Amino acid sequence: MDKAHSFIAGLELPTTCVPYDSYGGLVSDQNVDVVYIATPHSHHYQHVMLALVSGKHVLCEKPLTVNTNQAKVLCDEARKRNRFLMEAMWTRFLPITKDVMNEICRGTVGEVLRVLVDTGFGDEVEKTWGTEHRMPNKALAGGALLDLGIYSLTWIFLSLYHVLPMPQRKPPTAIAAQMTLNYLTGADEASSILLTFPTTAPNNIADWKSQAVALTNLRVSTDPGGQNSAGPSIRIQGTRGEVQLDGPSFRPERHRIILRHDNTQVEGSGSVREVNHPISPDIKGMYWEADEVGRCLRDGKIESELLPWDEMTAVMNVMDEARRQGGLSYPDEIESTIYSSS
Ligand SMILES: NC(=O)C1=CN([C@@H]2O[C@H](COP(=O)(O)OP(=O)(O)OC[C@H]3O[C@@H](n4cnc5c(N)ncnc54)[C@H](OP(=O)(O)O)[C@@H]3O)[C@@H](O)[C@H]2O)C=CC1
Ligand SMILES: O=C1OC[C@@H](O)[C@H](O)[C@H]1O
């Protein structure tokens, strides 16, 4: 309770916040409609379930769970109880993401055939994280993939899955993954995933395929020199050109549309158009996802169209498969779907 009190006091803001001495106390409060869960990944399944069975709507940090089975059980529970549930994948709700999605949907860069995304930190793992911090700690479902690789996969799914009308969305048909496991903890410090998605060719003349590369690495950085000197973190490449995004994949702040120079039938051929989307350093940028929760609750929705449950579990499924191929499993108790209500 002292910790909660001092947290509230530390905000130094006029607030009506109520401190609780347990999560049970919080979910029993009839004045609470929706709970935001931001505990380590290992605890998401139990904490989301606690909130749902207590009748609360839930926004839970990424990844929603450790594996697909857990995610599906939570979605079933939310459906059964008519409660809102969303993974807090904040990047999906940033204004830059909306702009880029609109460009792809209106065909600015043509049919997207390749997506390359890197989310790398460049940390000396031992010094920065040690072995106990949730980042490299398998007991807390640590590792680069679940924490950062999920952002690389998010851009890939946005560009090759989410852009399509719902009935046409298809999960990847092939997944090949490699992982480097940390020598001290066994969690992945680097993961690389190649994916193939089915794609409809223009005018439906044939089935094409799109390829994607999702990279994540704790030891090497996407932007070692700063200022995007190593190039964009995200490249969405189409038949007419490409969209590039600068800045960390979870919080990009500039996009660039480059149209092919040799396609003179297309207006703007050869052009480069850059758009800045600065996010004030005073804020993390999470209020856009919070707004989406508010809109969904106002409209009586239990699922956001910007991050539907099917898509969230399809991303999770790729991570399951990558972990299977990379030889990374977590302790049984945190992979389990058994809810311990105590
Ligand atoms: N969207 C984004 O940009 C970010 C998202 N995240 C996500 O947020 C979540 C939390 O990450 P982060 O804040 O770094 O995590 P922390 O390790 O800081 O833990 C957050 C809180 O969880 C509780 N907690 C920590 N360890 C344990 C444990 N072993 N058992 C039970 N409860 C524990 C503590 O709550 P208490 O103090 O009340 O005991 C702690 O304050 C993750 O899912 C992560 O992926 C994290 C950073 C940025
Ligand atoms: O989700 C995240 O995104 C931002 C990172 O700084 C953080 O470590 C990670 O958990």
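Strands S8 and S9 form a hairpin with two residues between them; strands (E, at least two residues) and helices (H or I, at least four) are DSSP runs, numbered from the N terminus. This is a predicted model, in which local features need pLDDT of at least 70, side-chain atom pairs count only at pLDDT 80 or more, and totals for chains, interfaces and linings use all residues. Residues are numbered from 1 along each chain as its sequence is written, while chains are lettered from A and ligands numbered from 1 in the order in which they are written. The protein chain is divided into domain 1 (2-90 + 286-308 + 328-335) and domain 2 (92-276), with bounds that come from an automatic or database domain assignment.

- Strand S4 (residues 112-120) is joined to S8 by five bridges and the two run antiparallel; two strands count as paired if DSSP finds at least two bridges between them.
- Leu245 in S9 stands opposite Ile234.

**The eight-stranded sheet**

- An open sheet of eight strands with mixed pairing has the order S5-S6-S7-S4-S8-S9-S10-S11.
- Its edge strands are S5 (174-181) and S11 (272-276), each of which pairs on one side only.
- The twist in this sheet averages 10° from one strand to the next, with axes fitted as lines to C-alpha atoms (for helices over the stretch in contact) and angles running from 0 to 180 degrees between N-to-C directions.
- S10 (residues 254-259) and S11 pair in the antiparallel sense over five bridges.
- Arg256 has Glu274 in S11 as its bridge partner.

**The three-stranded sheet**

- A second open sheet consists of three strands in the order S1-S2-S3, with parallel pairing.
- The edge strands here are S1 (34-37) and S3 (85-88), and each pairs on one side only.
- The twist averages 15° from one strand to the next.
- S1 and S2 (residues 57-61) run parallel and are joined by four bridges.
- Ile37 has Cys60 in S2 as its bridge partner.

- The C-alpha centres of domain 1 and domain 2 lie 26 Å apart.
- The contact takes 17 residues from domain 1 and 16 residues from domain 2, two residues being in contact if their C-beta atoms, placed from the backbone, lie within 7 Å.
- On the side of domain 1 that touches domain 2, helix H8 (residues 287-298) gives the most, with three residues.
- That side of domain 1 divides into 12 nonpolar, two polar and three charged residues; Ala, Val, Leu, Ile, Met, Phe, Trp, Tyr, Cys and Pro count as nonpolar, Asp, Glu, Lys and Arg as charged, and the others, Gly among them, as polar.

**Ligand 1**

- Ligand 1 lies between domain 1 and domain 2, because both give residues to the shell around it.
- The residues around ligand 1 are Ala38, Thr39, Pro40, His41, His43, Glu61, Lys62, Trp90, Arg134, Leu140, Asp147 and Phe250; a residue is near a molecule if its C-beta atom, placed from the backbone, lies within 6 Å of it.
- This shell divides into five nonpolar, three polar and four charged residues.
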